[in-house]
Amino acid sequence: MARTVVLIYGIINILGGIMGFVAGKSVMSLVAGGVSGLILVWCYMIAPTRPATAFRLAGVISLVLMGFWIYRINEVMAQQKSIMMPAGNLFLAVAVLGFLAYSHFKAQKRTAVEPINVADLSSNPYASPDVLDDKPEAR
């Protein structure tokens with residue numbers, strides 16, 4: 001599920017860069033949206049083999065975009081224009097980062113190791129006798 005979110009966010013960034021270029025003739029929008037989108041699509045592609053790298057990089061890209069959109073909101077407010085577009089993009093970046101964090105902690109909880117109950121080991125014929133002793137031997 002997290003992979004799909006990263007892919008969709010990458011595509012949205014690419015399309016947003018293209019839209020910024022077409023609507024405002026902004027080469028910077030095209031470059032920033034294209035580069036960030038392509039990195040996110042790449043994160044989607046490497047996630048099956050290197051999930052930690054992929055999702056960390058996707059999180060860093062989301063944080064960078066959050067910082068950019070906060071800057072952009074302040075700039076637009078100073079010009080007394082509508083902040084709907086940068087605020088929507090900021091919301092999207094925060095939502096993606098929040099989902100990545102949720103997915104991380106859900107995976108951590110799922111893979112957590114439960115403590116070993118020594119009483120359960122006594123019925124295991126393969127358990128080492130050292131594990132079953134209550135008192136450590138004096139060596």
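The largest pocket of this predicted model holds about 730 Å³ of space. A pocket here is an open set of points on a 1 Å grid over the protein atoms alone, where a 1.4 Å probe fits and protein lies on both sides within 12 Å along at least five of seven lines. Points are joined across faces, edges and corners, and the volume is the space filled by probe spheres set on them.

Lining residues have an atom within 4 Å of a point, and 27 of them line the largest pocket, with Gly16, Ser29, Phe68, Trp69 and Asn89 the closest to its centre. Two or more lining residues come from each of α1 (2-24), α2 (27-46), α3 (51-78) and α4 (84-110), and α1 gives the most, with nine. These helices are DSSP runs (H or I, at least four residues), numbered from the N terminus. By class, the lining has 16 nonpolar residues, 10 polar and one charged; Ala, Val, Leu, Ile, Met, Phe, Trp, Tyr, Cys and Pro count as nonpolar, Asp, Glu, Lys and Arg as charged, and the others, Gly among them, as polar.

Now turn to the second largest pocket, with a volume of about 450 Å³. Among its 16 lining residues, Phe55, Leu100, Ser103, His104 and Ala107 are the closest to the centre. Both α3 and α4 supply at least two residues of this lining, and α4 gives the most, with nine. Nine nonpolar, four polar and three charged residues make up the lining.

A note on reading the model: residues are numbered from 1 along each chain as its sequence is written. Local features need pLDDT of at least 70 and side-chain atom pairs count only at pLDDT 80 or more, while totals for chains, interfaces and linings use all residues, and side-chain values use heavy atoms, leaving out hydrogens and water.
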